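Subject: Structure handover

Hello,

Here is the structure for you to look through. My notes on it follow below.

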Amino acid sequence: MLKELSLKNKSIVVTGGAGFIGSHLVDALIKEEPEKIIVVCNFSLGKKENLKEAEENFQNLKIINQSVADYKSVKKIFENEGVDITYNLAVIPLPASLEDPLGSTLENLKMIINVCELLRKGFFKKLINFSSSEAYGTARKVPMNEEHPLNPETPYAASKAGGDLIVDSYFRTFKLPVATLRPFNNYGPRQNAGKFAGIIPLTIKRIMNNENIVINGDGEQTRDFIFVTDTAKAAVEFGKNSNVIGKTINVASGREISINYLIELIKKEFNYKGEVTYGPERPGDVRRHFADISLAKKILGFEPSVKIEDGIKVTCDWYKKNLSKN
Ligand SMILES: NC(=O)c1ccc[n+]([C@@H]2O[C@H](COP(=O)([O-])OP(=O)(O)OC[C@H]3O[C@@H](n4cnc5c(N)ncnc54)[C@H](O)[C@@H]3O)[C@@H](O)[C@H]2O)c1
């Protein structure tokens, strides 16, 4: 049975809300007519322009430049704002964990522990923790449901898995209203194309700069790619639905795509005739990801609505308009 609560007139914090998924989540939340949305982001990778549409569409959007890893400062924000729901998306991304495993894992863990503590101390009422499919590591069996063991390959993945375990512990020990949304690979407009960029913006940027496409490994590694607005839609349902409490739920397309196929789709959008170079495998690269999304369907009524062939077109069109060539 779906139990729906309304987000109308709620006060909602989105940490990392100036980032890729966070900014789309803010756009989706605005449609629910909350009282206010407070973005808490340190802009290490997030951008003010990601929230341009949101600022135009919604009067009560507060954007606060603050690290979520600093407990005292974040606590002040919560004291001042009177918060109902917190979505924790702030993160130091995977590639950063290959350069600085100590700093990035500590920061990711600090952020999730800080929001758990604020929940425990009564500063808000419901926490939605953004996990990652990276927490599973490479698939031992497919499709991967939420019972799949956690075998993180990279320090980033370990920090995400660790964060999930901390959230679960706060549920078991303190009986707090927490839920974990475990997204698989997201793509779409506004994904970071700068430092630590993922394969899609990186490939688009290379094509637009007249450089050759480079694939790490043989390209036969697979991912379950989900269009970012589908993830945002699922996240809104997490906020409304009380049956998610104490659970971890995959959010993905339920379709397995090889990196070679993905690159073919991007090449088509740019009519790219150049070379594709195969470089060394990225350390800790997951070989296979393919999600079982039956729990999301059952609990949230979730159905992914954007096919990769359509979503890549929208994404490439967006970068054509928005990515400067330099
Ligand atoms: N993008 C994906 O494919 C994907 C897949 C699975 C899970 N996720 C998860 O979804 C969430 C959002 O990911 P994203 O792709 O939008 O990443 P992103 O890098 O675009 O956004 C993360 C945001 O967090 C901010 N941030 C970093 N450190 C911070 C700190 N100390 N305090 C406050 N803000 C800080 C960054 O500036 C950025 O705006 C993350 O939790 C990530 O692990 C993403």
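Phe196 sits in the loop between β7 (186-187) and α7 (199-208); helices (H or I, at least four residues) and strands (E, at least two) are DSSP runs, numbered from the N terminus. Phe196 is not a glycine, yet its phi is positive, at about 65 degrees. Phe196 counts as partly exposed because it has 16 C-beta neighbours inside 10 Å. On this scale a residue is buried if 20 or more other C-beta atoms lie within 10 Å of its own, exposed if 12 or fewer, and partly exposed in between, with C-beta atoms placed from the backbone.

Please keep in mind that this is a predicted model: local features need pLDDT of at least 70, side-chain atom pairs count only at pLDDT 80 or more, and totals for chains, interfaces and linings use all residues. Residues are numbered from 1 along each chain as its sequence is written.

Other backbone points

Asn9 also has a positive phi, near 65 degrees, in a residue other than glycine. Asn9 belongs to the segment before β1 (11-15), and it counts as exposed because it has 11 C-beta neighbours inside 10 Å. The peptide bond from Val142 to Pro143 is cis, with omega near -10 degrees. Pro143 lies in the loop between β5 (126-130) and α6 (155-174).

The chain as a whole

The chain contains eleven helices and 13 strands. Its C-alpha atoms fill a box of roughly 55 × 45 × 40 Å along the principal axes. A compact globule of 326 residues would have a radius of gyration near 20 Å, and the chain has 19 Å, which agrees. Here the radius of gyration is taken over C-alpha atoms, and the globule rule is 2.2 Å times the number of residues to the power 0.38.

Of the 326 residues, 45% count as buried. Two residues are in contact if their C-beta atoms, placed from the backbone, lie within 7 Å. Among contacts with a separation of 6 or more, 82% are between residues 24 or more positions apart.

The nonpolar core

Which residues have the most contacts inside the largest nonpolar core? They are Val14, Leu25, Val39 and Leu181, in a core of 85 residues. A nonpolar core is a set of buried Ala, Val, Leu, Ile, Met, Phe, Trp, Tyr and Cys residues joined through C-beta atoms within 7 Å. Leaving out residues up to four places away in sequence, Leu181 touches Ile128, Phe130, Ser131, Ala234, Ala235, Phe238, Ile249 and Val251.

Helices

α1 is mostly covered, with ten of its eleven residues buried. Among them are Phe20, His24, Leu25 and Asp27. The elements covering the buried residues of α1 include β1, β2 (36-41), α2 (52-57), β4 (85-88), β7 and α8 (228-240).

α8 itself is largely enclosed by the rest of the structure, because eleven of its 13 residues are buried. These include Asp230, Lys233, Glu237 and Phe238. From first C-alpha to last, α8 reaches 19 Å, close to the 18 Å expected at 1.5 Å a residue. The expected span is 1.5 Å times one less than the number of residues. The twelve residues of α9 (residues 259-270) should span 16 Å, and the end C-alpha atoms of α9 are 17 Å apart, which agrees.

In helix α7, Ile199 is buried, with 21 other C-beta atoms within 10 Å.

A buried loop residue

Is Ala252 buried or exposed? Ala252 counts as buried because it has 29 C-beta neighbours inside 10 Å. Ala252 is in the loop between β11 (248-251) and β12 (257-258). Its C-alpha atom is separated by 5.3 Å from that of Phe184, 68 residues apart along the chain. Not counting residues up to four places away in sequence, Ala252 touches Phe184, Asp224, Ile226, Ala291 and Ile293.

The ligand

The ligand is surrounded by 31 residues, and the closest are Gly16, Gly19, Phe20, Gly46 and Ser132. A residue is near a molecule if its C-beta atom, placed from the backbone, lies within 6 Å of it. The largest share, three residues, comes from α1.

Regards
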